[in-house]
Amino acid sequence: MWFEERRQRIRTLLATFGRVTVDRITSEMNVSRETARRDLMEMEAEGELRRVRGGAVALEDSQEEPPFSVRASVRVKEKRMIAKAAAQLISSGQILFLDAGSTTAILAEELSSLSGLTVITNSVEVAQKISERSSVQERGNRALLVGGEMSEDPPATFGEVTVNDLHRYQVDIALLSPFGLDVRKGATSFNPHEAEVARAMIQNSGKLILLADHSKIGTISRIAYCTCEQIDHLVVDARAANAKEWTALASSVKATTLASRI
């Protein structure tokens, strides 16, 4: 089993049980104790877990993520502008990844003006919006909802089956919306399952577009899933330019769009 495969399995165990032992890693993944310890050391150095005697435990974070229903109702104007700007970066006929988030759900609506799109997603809401009758019949768009265990908040699939399904595809663009975006830590997620999905989408796409409203700039959450240097295009609302670290952040990604200026 390759290192990244082991990391993915370790993340899943931590998300499910809150801890993982060196013995379990060695037996399930057929590696030596030295390799298991080295994996945990490297993941701890990257802020993914905390090592304890005999294994590791999941990180705790006092910053709770609001329910999806709450997130979907705030900064809607900004998210709509971001979604409109991101849709202009997409061409008809492309194959896309969209993750589960309030901004990508709005993006799914904006993509209805394009035709021949294939959208692969773990989000039930995104899949529903892309597969609406008018979008399918008039535009020829289609949605593929990957399998996996179901989550209610947000309504989405997650887990090993989901990640394995995503690895079956190679798409043109991944469009993701992080919990936070920081110059040093990159894009972060509150939920380990969401971070796993984001990593798989990034690994299997030719281009990464990140969608983030101004409140996410400079915010750091529990799990980092990509560096700023991996971001091909960052789409934000204009208020992001007022953030303290905006200049450094904008210079660390390949391209940016301030949504209100399009």
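Which residues have the most contacts inside the largest nonpolar core?

1. Leu176, Leu181, Leu210, Tyr225 and Leu234 do, in a core of 32 residues. A nonpolar core here is a set of buried Ala, Val, Leu, Ile, Met, Phe, Trp, Tyr and Cys residues joined through side-chain atoms within 4.5 Å; buried means under 20% relative accessible area with a 1.4 Å probe, protein chains only.

2. The model is predicted: local features need pLDDT of at least 70, and side-chain atom pairs count only at pLDDT 80 or more, while totals for chains, interfaces and linings use all residues. Residues are numbered from 1 along each chain, and side-chain values use heavy atoms, without hydrogens or water.

3. α10 gives the most, with 6 residues. Helices (H or I, at least four residues) and strands (E, at least two) are DSSP runs, numbered from the N terminus.

4. Beyond four places in sequence, Leu210 is in contact with residues including Leu176, Leu181, Tyr225 and Leu234. Contact means heavy atoms within 4.5 Å.

5. Helices α1 (residues 3–17) and α3 (residues 33–45) have axes that come within 11 Å and cross at roughly 75°. Axes are lines fitted to C-alpha atoms over the stretch in contact; angles run from 0 to 180 degrees between N-to-C directions. The two helices are therefore roughly perpendicular, a label for angles of 65 to 115 degrees. Phe3, Arg6, Arg7, Ile10 and Arg11 of α1 meet Thr35, Asp39, Leu40, Glu42 and Met43 of α3.

Key
Angles under 35 degrees count as roughly parallel, over 145 as roughly antiparallel, 65 to 115 as roughly perpendicular and the rest as oblique. Buried means under 20% relative accessible area, exposed over 50%, partly exposed in between (1.4 Å probe, protein chains only).
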